[in-house]
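Let's walk through this fold together, one element at a time. Keep the sequence and the 3D view open side by side as you read.

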Amino acid sequence: MATKNSTQIIAEKGKQELFIIREFDAPREMVYKAHTDPQLITQWLSPANREVKIETYEAKSGGYYRYFILNKMGAQIAAFNGTFHEVTAPERIIQTFEFEGLPERGHVTLDTTLFEVLPNNRTKLTIHSVCRSVADRDAIIQSGMETGLNEGYHKLDDLLVSISKI
């Protein structure tokens with residue numbers, strides 16, 4: 001599905017933070033649910049030609065998550081985990097995020113995701129990620145995250161359209 005919505009990534013040089021901003025043509029409650037319901041997450045949270053397998057996903061304050069990205073052959077190529085610090089439906093999610101593929105643990109981001117109501121049943125999503133260091137933030141950006149993020153959000157656009165027809 002072609003979309004008029006684009007993803008904006010803001011990463012000022014020398015800062016440990018980055019912002020991801022994206023609008024969706026769906027109500028806030030629906031966009032929020034797509035970020036907290038494991039059955040929906042598996043349908044969009046991956047780049048094209050990849051699949052998500054969730055080990056656990058407790059989208060509640062104090063909950064934990066861990067999931068894997070699988071290639072076309074079903075082999076695990078990445079793993080991620082984190083803790084939900086605050087889940088306030090349908091407004092905000094505060095969580096940690098860690099890619100498990102680094103030589104040492106502890107390169108964790110603290111992510112605050114806000115879901116803002118826009119006119120005409122639309123939603124603005126803003127993610128503020130604070131990294132452990134500027135080097136960590138730069139490595140995330142250089143990892144190809146923008147391509148994977150955009151591909152996942154295009155899948156989310158399609159999912160939101162199909163949900164709205166139910």
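This is a predicted model: local features need pLDDT of at least 70, side-chain atom pairs count only at pLDDT 80 or more; totals for chains, interfaces and linings use all residues.

**A walk through the sheet and its surroundings**

The β3 and β4 strands belong to an open sheet of eight strands, with antiparallel pairing and the order β1-β2-β8-β7-β6-β5-β4-β3. At its edges stand β1 (8-10) and β3 (51-57); each has a single partner strand, so one side of each is left without a neighbour in the sheet. On average, neighbouring strands of this sheet are turned by 20° against each other, direction ignored.

A helix comes next. Helix α1, residues 28-36, lies across β2 (17-24), β3, β5 (76-88), β6 (92-99), β7 (108-118) and β8 (122-130). Relative to β7, helix α1 runs at about 155°.

Let's return to β4 and pick out one of its residues, Leu 70. Is Leu 70 buried or exposed? Its relative accessibility is 10%, and buried means under 20%, so Leu 70 counts as buried. What does Leu 70 touch, once residues up to four places away in sequence are set aside? The list is Arg 50, Glu 51, Lys 53, Ala 75, Gln 76 and Ile 77. Val 52 is 18 residues away from Leu 70 along the chain, yet their C-alpha atoms are separated by 6.2 Å.

With a relative accessibility of 8%, Asn 5 counts as buried. Which side chains does the side chain of Asn 5 meet in polar contacts? One is that of Asp 25, at 3.3 Å, and another is that of Arg 122, at 2.8 Å. Beyond its neighbours within four places in sequence, Asn 5 is in contact with Arg 22, Glu 23, Phe 24, Asp 25 and Arg 122.

Finally, turn to the empty space. Rolling a probe the size of a water molecule over the atoms shows where such space is left. The largest pocket has a volume of about 1200 Å³. Its lining is made up of 40 residues, and those nearest the centre are Tyr 67, Phe 80, Phe 97, Met 145 and Leu 149. Which elements each supply at least two residues of this lining? They are the strands β2, β4, β5, β6, β7 and β8, together with the helices α3 (134-142) and α4 (145-164).

Note on methods:
Residues are numbered from 1 along each chain as its sequence is written. Side-chain values use heavy atoms; hydrogens and water are left out. Two strands pair if DSSP finds at least two bridges between them. Helices (H or I, at least four residues) and strands (E, at least two) are DSSP runs, numbered from the N terminus. Axes are lines fitted to C-alpha atoms, for helices over the stretch in contact, and angles run from 0 to 180 degrees between N-to-C directions. Contact means heavy atoms within 4.5 Å. Buried means under 20% relative accessible area, exposed over 50%, partly exposed in between (1.4 Å probe, protein chains only). A polar contact is a pair of N or O atoms within 3.5 Å; within protein, one must be able to donate a hydrogen and the other to accept it, and residues adjacent in sequence count only if both atoms are side-chain atoms. On a 1 Å grid over the protein atoms alone, a cavity is a set of points where a 1.4 Å probe fits but cannot get out, and a pocket is an open set with protein on both sides within 12 Å along at least five of seven lines; lining residues have an atom within 4 Å of a point. Grid points are joined across faces, edges and corners, and a volume is the space filled by probe spheres set on the points.
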